[in-house]
Every structure is written in C-alpha cells, then in structure tokens.
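Hi,

Here is the structure I promised to pass along.

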Amino acid sequence: IGDLLDRASQRSDKMHSLSTQLTQEMDTHFPPYGRMQMQRPAECHTSTLQTPNDKEQALQVSNSDLMSLVRSLLQAWVDPLVILSNSAITLPHPAKSSISSKIQELQEHSKSLADGLDILSGKMGPAAQATSSLPYTGGTDLGQDRVTILNKFGFLLSCLRRDSHKIDSFLKVLRCRAVKLQPELC
Amino acid sequence: APPGKPTLTSCRSPEKETFTCWWEPGSDGGLPTTHALYYRKENSETVYECPDYKTAGENSCFFSKNDTSIWVNYNITVVATNVLGRTFSDPVDIDVVYIVMPNPPEEVRVSVTQNTDWPFLRVSWEPPKKADTRSGWITLIYEVRIQLENEDEWEVHPAGQQKVFNIFSPRSGGTYQVQVRCKPDHGFWSEWSPSTYVKVPEYF
Ligand code: NA
Ligand code: NA
Ligand code: NA
C-alpha cells in the first residue's frame with residue numbers, strides 16, 4: 001500500500017503543479033479581469049464537501065475518510081475538466097494551445113489517479129469506497145463575451161487548484177502513515 | 001495631512017500552520033500614526049482585527065494556529081490612522097497554502113568519509129523543527145551547495161527528499177563551505193542554512 005500511495009501522490013503532485021501553472025498562465029496574459037472588483041463569482045461546486053482546514057483537523061481524519069474525500073474530489077472534477085478541455089480549444093487567450101494541452105495532461109493524470117485509488121480503496125474497505133456526489137451545475141457553456149469566458153475559466157481553475165492541493169495533501173498524509181517504517185521518506 | 005498609504009509587502013507561512021503578514025507604512029505626515037490590520041475570510045462578512053501585533057516584530061501581524069485556516073482566502077487590509085484621517089492599503093487576497101516558505105534546514109553536518117580509496121564529503125541535516133514532515137503535513141525537498149575556499153562559484157546539488165548527500169572527489173587539502181536549503185512540494189525555497197565548514201585531508 002505504501003508503494004501505491006507513493007505513486008498516487010506523485011500523480012497528485014503533478015496535477016497540482018499543472019493547475020498552478022495553468023492559473024499563472026491565465027493571469028500572465030490577462031491579470032484577473034475584474035476578478036478583484038467582483039465578489040468571488042460563486043463558490044466552488046465542491047465547497048459543500050466538509051474537509052479539514054488545518055493540520056490538527058486533517059490529522060484526526062481516519063485513513064478511510066481521507067481516501068473518501070480524495071476520491072469524492074477527484075470524481076467531482078471529471079465533468080468540469082471536460083468543460084475546461086472543450087472550452088480551452090477556443091479560449092480567447094493567446095496561450096490557449098498550451099492551456100489546452102496542460103488540461104489534457106491534467107485529465108490523464110486525474111483518470112489514472114482515480115483508477116489507482118479505486119484499487120487502493122478496495123483494499124481499505126467499504127468506508128474508503130464511499131464517495132460524496134458533488135455535481136457541477138454551472139452548465140457546459142462558459143459564456144458569450146470574452147471577459148465572461150475568461151473569468152469563468154479562471155474561476156474554475158482557481159477551484160481546481162485548491163481542490164488538487166487538498167487531494168495532494170491528503171494523499172501525502174496517507175503516504176506517510178503507510179510508510180511509518182521508512183522514516184527517510186517523511 | 002492624513003497618513004500616507006501603507007503597503008502590504010508580504011505574507012508567509014513557515015509550516016502550513018501559522019502565518020505572518022508584513023507591511024510598510026507610508027509617510028506619516030509628521031503626525032503620530034497608528035497602523036491596524038484587518039481581515040475577512042472568504043464567504044464571511046465578519047471583519048476581524050489582527051490577533052497578534054507583537055510576536056513577529058514591527059509592522060507585522062502574526063496568525064497563530066488557532067487563527068490560521070488553509071484552503072480559505074483571507075482578504076487583508078492595513079489601515080493607517082492619525083488625527084487628520086485614515087488611509088487604507090490595497091487589499092491582498094491570500095490562501096495560506098500558496099505562501100509557504102520554510103525555515104532553513106537545521107543541524108547541517110559535513111564529514112569526510114574515507115572508506116574507499118578516495119575520500120568523499122558526507123553532508124547531513126534535519127528538516128526545520130517547525131515543519132511537521134513526519135506526519136506528511138508538509139513535504140520538503142532539499143538542495144545542497146558547496147564552495148571551495150577562495151573560489152566564487154557555488155556548486156549546487158539537488159538532494160530530493162533525502163536528508164543526506166555525498167559529494168565525491170573533493171579537492172585534496174581544500175576547505176569547503178556547505179549550505180543546505182529546503183522547499184515544500186508546493187512553495188518557496190527557504191533561505192540557505194548558516195555555513196558549515198570542512199577541511200579535506202591531503203590525500204595525494
Ligand atoms: Na507587529
Ligand atoms: Na488552525
Ligand atoms: Na518530507
């Protein structure tokens with residue numbers, strides 16, 4: 001299990017790095033358009049999921065429950081990643097092809113991470129296999145005008161960046177619990 | 001005149017558990033001026049004042065574990081006040097997970113090991129005490145750099161997550177200066193640790 005978690009956290013690490021690069025790439029060319037003036041346009045579609053928000057809380061969560069949170073978050077991004085991927089192709093942004101290929105890469109990592117965790121959670125028992133459903137209800141269209149599209153795209157990416165950081169953090173805590181006998185890793 | 005506009009210069013967390021923000025006051029207009037930091041957390045209307053102006057020194061605000069949440073944006077503003085009025089800084093939005101910069105590695109040791117024909121340098125260190133790497137809450141990678149006495153160039157070696165690094169073929173009779181720094185998986189490099197020195201015996 002230590003080995004599987006090690007590989008899983010390498011993927012989640014990569015996913016978070018990609019989402020960070022994506023948000024930076026968006027902002028380099030178009031500094032957050034009115035995003036400052038606007039209230040955060042909405043809450044992330046995953047915000048109803050109760051997750052720990054500091055170390056003390058996180059370290060109290062059981063292995064199964066951490067695994068369940070990770071899998072719920074991954075599942076919640078399957079549909080929005082399709083929307084991001086489709087929108088990226090025609091994004092009114094000079095870096096759209098680089099953005100588009102990074103999103104595809106993210107999708108691939110997300111898919112193989114989810115597959116790996118299906119196997120892993122199967123070994124951990126029913127509580128780890130339970131997931132919460134977090135449907136994305138924002139519609140498949142990001143809008144008509146350039147500013148709206150860029151804002152919505154940027155907002156989704158900022159949610160993805162946060163959620164991929166949660167996924168990565170929880171998996172790395174799980175990894176260290178699993179490799180307690182190899183302290184050189186943690 | 002009312003006070004000049006203060007600037008929030010940076011916010012940093014050494015371990016993903018607490019954080020500090022610093023500001024620079026604007027001109028004081030020749031009048032006694034006080035500064036206060038206010039913050040509002042994402043999706044809440046409540047405005048709080050800085051919980052601790054003392055711990056991190058002048059022009060700073062320290063957020064203890066109890067005052068720190070992650071994966072939540074803090075909207076932060078500094079307000080300068082004198083008898084003639086108040087001036088607000090530009091607000092800054094931060095999520096603690098994106099401002100992590102650890103303290104440098106500690107207990108950096110260098111020894112000359114000679115269990116082969118040629119000696120090599122063995123550098124070892126510990127993570128900064130504040131960073132809880134044991135639980136996996138923070139994951140650190142390291143970089144070692146060495147400099148031969150009287151040379152200008154540093155030689156930099158990535159060490160990954162290891163806390164020990166061997167450097168082969170040191171110069172016979174040379175004195176080396178060694179430093180180590182660390183970076184969280186997603187965050188900023190620490191400062192370099194204070195220098196540790198080692199003298200390689202003459203082995204020719
Ligand atoms: Na202070
Ligand atoms: Na806290
Ligand atoms: Na570590």
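Predicted model: local features only at pLDDT ≥ 70, side-chain atom pairs only at ≥ 80, totals over all residues.

Residues are numbered from 1 along each chain as its sequence is written, chains are lettered from A and ligands numbered from 1 in the order in which they are written, and side-chain values use heavy atoms, with hydrogens and water left out.

**The helix pair in chain A**

Two packed helices are described by the angle between their axes and the distance between the axes. In chain A, helix α3 (residues 63–76) packs against helix α5 (residues 96–124) at about 150°, and their axes are 10 Å apart. (Axes are lines fitted to C-alpha atoms, for helices over the stretch in contact, and angles run from 0 to 180 degrees between N-to-C directions. Helices are DSSP runs of H or I with at least four residues, strands are runs of E with at least two, and both are numbered from the N terminus.) That angle makes α3(A) and α5(A) roughly antiparallel, a label for angles over 145 degrees. Their crossing is left-handed, meaning that the near helix is turned anticlockwise from the far one by less than a right angle.

Which residues of α3(A) make the contact? They are A:N63, A:S64, A:M67, A:V70, A:R71 and A:L74, with contact meaning heavy atoms within 4.5 Å. From α5(A) come A:S110, A:L113, A:A114, A:L117, A:D118, A:L120, A:S121 and A:M124. Taken together, the residues of this contact are 8 nonpolar, 4 polar and 2 charged. (Ala, Val, Leu, Ile, Met, Phe, Trp, Tyr, Cys and Pro count as nonpolar, Asp, Glu, Lys and Arg as charged, and the others, Gly among them, as polar.)

**Side chains that reach the backbone**

A:S87 sits in helix α4 (residues 78–89) of chain A and is buried, at 14% relative accessible area. (Buried is under 20%, exposed over 50%, partly exposed in between, with a 1.4 Å probe and protein chains only.) Its side chain reaches the backbone oxygen of A:I83 at 2.6 Å. Not counting residues up to four places away in sequence, A:S87 touches A:L142 and A:F153.

Over in chain B, B:T196 belongs to strand β15 (residues 196–199) and is also buried, at 18%. The side chain of B:T196 reaches the backbone oxygen of B:V108 at 3.3 Å. Leaving aside neighbours within four places in sequence, B:T196 contacts B:V108, B:V110, B:Y176, B:Q177 and B:V178.

Back in chain A, A:D141 lies in the loop between α6 (126–129) and α7 (146–178), and is partly exposed at 44%. Its side chain reaches the backbone nitrogen of A:G143 at 3.2 Å. The side chain of A:D141 also makes a polar contact with that of A:Q144 (3.1 Å); a polar contact is a pair of N or O atoms within 3.5 Å where, within protein, one must be able to donate a hydrogen and the other to accept it, and residues adjacent in sequence count only if both atoms are side-chain atoms.

**Two positive phi values in chain B**

Most residues other than glycine have a negative phi. B:W71, though not a glycine, has a positive phi of about 60°. B:W71 lies in the loop between β5 (60–63) and β6 (73–82) and is buried at 4%. B:S169 has a positive phi near 55°; B:S169 is in the loop between β13 (164–168) and β14 (175–184) and is exposed at 62%.

Cheers

How values were computed:
Parallel < 35°, antiparallel > 145°, perpendicular 65-115°, else oblique.
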